[in-house]
Amino acid sequence: MRHTANSPAPQKGIAISLPARDAVLAGFQGRFVEAQYVWTSFLLDHLIECRKRIGDLDAMLVLIVVGLSALRQVQKVRELEGEHISLGYRTSELPNKGETVNAYSIANITGIPRENVRRRLADLAEQGWLEQAPDGGWRIHRGETGHGKAAADLAELTASTVSRIADFIGRLATVSAAAVADRPAGDTTAGLAAPGPDAMAVAWTQVPPERPATRTGYTLGSLVPGLRAEHCRRIGPRAFDLAAALVGVPAAPAPGGVPGGDAALLLQGMLAEVAAQELPGPGGAVLGVDLDLHAAPEAGEEVTATLQVASVNRTSGIARLTARVTGEKGRLLAEGQLRVRPATAPVQAARVERAGLLLQRHPHIRAIETRAAALEPMPVAIAWPDDQDSLLGPLKAAQRGLIRPVLIGDPVRIEAAAREAGASLEGCGIEAAEAPQMAAARAVSLARDGRVQALVQGSLHADELMAAVLSRDGGLRGTRRLSHVFLLDMPAYHKPLLVTDAAVNIAPDLVAKADILQNAVDLGIALGIARPKVAILAAVETVNPKMPATLDAALLCKMADRGQVRGAILDGPLAFDTAMSAAAARVKGIESQVAGDPDILLCPDLEAGNMVAKQLAYLAGAEAAGIVLGARVPVILTSRAGSIAARIASIAMARLMVAAGG
């Protein structure tokens, strides 16, 4: 086709260089029809997504009219000259100058009866959305206000889709033509087969459509049999825990493979989500659910919940929807029926971000306690336990078989505290001491003599107990510097996290940090971590001579290379975000075995360590336990604000450390 001075200028399209005109004809035209099936399916997927964004049947019909008109424009090859092919289109002419769409095409796409489609199209024409062409087909009615303006806006929304489809067709032509040009002489095949949907999907998802701020539900008038909606979700590893927490049943399979209460809640919840968001959507009400449960979903399985309109009673205003939930490979999980009452007038609801949930469970600490309880109870001295808070922790630990307590303090006050707490002192040894300092000295003496294997702080101050432990005359000093280690079990982290030092060493130097680090590594190994990963924290990831923490981090890593720190994988300096998030490390271009997966955080000083540990405890829901290491026996320092559970967990840590020879 040649253009004269009086003919319209060629439309700007996507120019693609090809080997030869014959190759274009043989390669492109030979597979053009096959290609249509691929990219038409993606256009329809886009239209369905647009329907979800707008939210009612009328808008979906308008979009289909717009989309099919645009599709037919793209099907036309605008130019075919020599060695070039151009698949051009004009956004401005798609809505009002493209070919019209008939009701038969729309009925085939949507599954809605043809007569229903005709009635809805006529209604839309009266409202100003569409207009009927002389050939009997339908096209959108462009306008500056009202529905005509909205229809034009929908057409513009579809234009980006059409652009990507045109680009896909052009790339297909290039591939097919190249295959024809390269084929052996005498081979008359038409070229390569059209690329499959998976290949197109990669490019398709690169520019996802923006989701509108609102959605509109189906009304009683727009809800018709055959409408269908579904949601796909992957069952998270803790979804059953959440369901069990809501219904009060254990997160475990019911006997015989029948879904338990937790699985039933998950499946019903997925169907309720489809009903609330899509069918009938905002404004609708679920009146009843009749669901037969066949199997429980598995953690990690992709599950699809589907609702389809079976019948609509316009007199009673009630619709019946068939419900079905399937797992992977079509495995039937549940099926049944929902009765819903759609809204009588359109209801628009704002899209809100799904709330995130953190389940307050601490399985890692419980696992440590279970391991410790399997060992023989160890004798422990509790210094000055004269109130409920300091007494109940050791007594409950004794009930769980972790320790044999030796209570050192004023017997009268100890017995009074036990009576007030309703606890029994049976099985506990009691040694008299007149003052907290004397109780601390006696506890240390029992440890030096080997009669107890750990010390527990009672209601006396930590410095009173530590003064006795560090005494050069009769204390419990070992070969290493003493340091404190917090163990934190956080709902948002996949394993226990050790934080050190947060309670003993105020501003440790490099030598002290090496001891602090080795103490924490030894504890990690005692807790069952074969080779702990250590993130050495600082404010930045680069070594800066003006920031001593970065220098210490780099030197500690080199000391580990030389065997001066043993049994761990070290990396540092690392900022907190880089240490805890592999994604943050990737963004910063840091390759690390530790980032995103540390077992131990080594903090630059006591202030930083204390803030990190307590922020994680109070803001991230962590359960915290802690012990002091480096002495001849573990010392359990308990915060006065700490829970009884934290005290028991600290004792369990000490029991495992003693069992490991620490």
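Is Glu 301 buried or exposed? Glu 301 is buried, at 6% relative accessibility. Buried here means under 20% relative accessible area, exposed means over 50%, and partly exposed lies in between, with a 1.4 Å probe and protein chains only. The model is predicted: local features need pLDDT of at least 70, side-chain atom pairs count only at pLDDT 80 or more, and totals for chains, interfaces and linings use all residues. Residues are numbered from 1 along each chain as its sequence is written, and side-chain values use heavy atoms, leaving out hydrogens and water.

Start with the sheet. It is open and has 5 strands in the order E7-E9-E10-E11-E8, with antiparallel pairing. E7 and E8 stand at the edges; each has a single partner strand, so one side of each lacks a neighbour in the sheet. From one strand to the next, the twist averages 20°. Angles run from 0 to 180 degrees between N-to-C directions, and axes are lines fitted to C-alpha atoms, for helices over the stretch in contact. Strands (E, at least two residues) and helices (H or I, at least four) are DSSP runs numbered from the N terminus. Two strands pair if DSSP finds at least two bridges between them.

E9 covers residues 302–313 and E10 covers residues 318–326. They pair in the antiparallel sense over 9 bridges. Asn 313 has Ile 318 of E10 as its bridge partner. This hairpin has 4 residues between its strands, and Gly 317 takes a positive phi near 75°.

Gly 317 is buried, with 9% relative accessibility. Leaving out residues up to four places away in sequence, Gly 317 touches Leu 220, Val 340, Arg 341 and Pro 342. Contact means heavy atoms within 4.5 Å. Gly 317 and Ala 343 are 26 residues apart in sequence, and their C-alpha atoms are 8.6 Å apart in space.

E11 spans residues 332–341 and pairs with E10 in the antiparallel sense over 8 bridges. Two cross-strand positions can be picked out. Arg 324 stands opposite Glu 335 in E11. Arg 320 stands opposite Arg 339 in E11. There are 5 residues between the two strands, and Lys 329 in the turn has a positive phi of about 60°.

Return to Glu 301. What does its side chain meet in a salt bridge? The partner is Arg 331, at 2.7 Å from N to O. Glu 301 lies in the loop between E8 (285–293) and E9, and Arg 331 in the loop between E10 and E11, so the pair ties together parts that are 30 residues apart in sequence. Arg 331 is partly exposed, at 30% relative accessibility. A salt bridge is a side-chain nitrogen of Lys or Arg within 4 Å of a carboxyl oxygen of Asp or Glu. The structure holds 16 of these salt bridges.

His 231 is in E7, residues 228–234. His 231 is buried, at 11% relative accessibility. Setting aside neighbours within four places in sequence, its contacts include Met 270, Glu 273, Val 303 and Thr 304. Glu 230 forms a salt bridge with Arg 228, where the closest N and O atoms are 3.1 Å apart. Glu 230 is partly exposed, with a relative accessible area of 32%. Arg 228 is also partly exposed, at 48%.

Glu 431 is buried, with a relative accessible area of 18%. Arg 451 is partly exposed, at 46%. Elsewhere, salt bridges that share partners join Lys 495, Lys 533, Asp 597 and Asp 599 into one network.

Last, the cysteines. How many disulfides does a search of the whole structure find? The search finds 0. A disulfide is counted when a pair of cysteine sulfur atoms lies within 2.5 Å. Cys 232 is partly exposed, with a relative accessible area of 42%, whereas Cys 428 is buried, at 17%.
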